[in-house]
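Student: I have a model open and would like to learn how to read its side-chain features. Where do we begin?

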Amino acid sequence: MKITDLLKRESVELSGTPESKGQAIDQMVELMAKGGNINDLQRYKEGVLKREEEGTTGIGEGIAIPHAKTDAVSAPGLATMLVPQGVDYDALDGQPVHMIFFDRSTEYRR
């Protein structure tokens, strides 16, 4: 499988403007929905928020990789958002996040 099979144009935002971690998650969930493959948007978002309660997915170096294991995903896929001004995402290194990646492939259940 190629990355071009997973990452659709509709799931990419190059000029994201979230002002908080919550807004970033909301916007990323919407990007995931635009790309298809989410069969229950609310349940998917709840899974992402629950995973964030366990520990931040802001891994440092300006990158966050929010995700959740849930059957709200119907097929593999990716979404990404660039945040030029950065957003406070409670990253491990305390720095703003500029790149956010959602990965549907690891959540997919048959």
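**Reading side-chain features**

Tutor: With the surface. The model is predicted. Ile59, Ile65 and Phe101 make a nonpolar surface patch of about 240 Å².

Student: Where in the chain is Ile65?

Tutor: Ile65 belongs to the loop that runs between strand E3 (63–64) and strand E4 (78–87). Its relative accessibility is 34%, so Ile65 counts as partly exposed.

Student: Is Thr57 buried or exposed?

Tutor: Buried means under 20% relative accessible area. Thr57 has 3% relative accessibility and therefore counts as buried. Its place is in the loop between helix H3 (41–54) and strand E2 (58–60).

Student: Which residues is Thr57 in contact with, leaving aside neighbours within four places in sequence?

Tutor: Arg51, Glu52, Ile63, Ala64, Ile65, Pro66, His67 and Tyr89.

Student: How many aromatic pairs does a search of the whole structure find?

Tutor: One. Tyr44 and Phe102 form a tilted pair, with 6.0 Å centre to centre and 55° between the planes. Because Tyr44 lies in helix H3 and Phe102 in strand E5 (residues 97–103), the pair ties together parts that are 58 residues apart in sequence.

Student: What are the relative accessible areas of Tyr44 and Phe102?

Tutor: Tyr44 has 0% and is buried; Phe102, at 1%, is buried.

Student: What sits over the ring of Tyr89?

Tutor: The charged end of Lys21, at 5.0 Å from the ring centre.

Methods
Residues are numbered from 1 along each chain as its sequence is written. This is a predicted model: local features need pLDDT of at least 70, side-chain atom pairs count only at pLDDT 80 or more; totals for chains, interfaces and linings use all residues. Side-chain values use heavy atoms; hydrogens and water are left out. Patches are made of residues with over 30% relative accessible area and no salt bridge: like charges are joined within 9 Å, nonpolar side chains (Val, Leu, Ile, Met, Phe, Trp, Tyr) within 5 Å. Accessible areas come from the Shrake-Rupley method with a 1.4 Å probe; for residues, only the protein chains shown count as cover. A salt bridge is a side-chain nitrogen of Lys or Arg within 4 Å of a carboxyl oxygen of Asp or Glu. Helices (H or I, at least four residues) and strands (E, at least two) are DSSP runs, numbered from the N terminus. Buried means under 20% relative accessible area, exposed over 50%, partly exposed in between (1.4 Å probe, protein chains only). Contact means heavy atoms within 4.5 Å. Rings of Phe, Tyr and Trp (its six-membered ring) pair if their centres lie within 6.5 Å; planes under 30 degrees apart count as stacked, over 60 as edge-to-face and the rest as tilted. A charge sits over a ring if NZ of Lys or CZ of Arg is within 6 Å of the ring centre and within 35 degrees of the ring normal.
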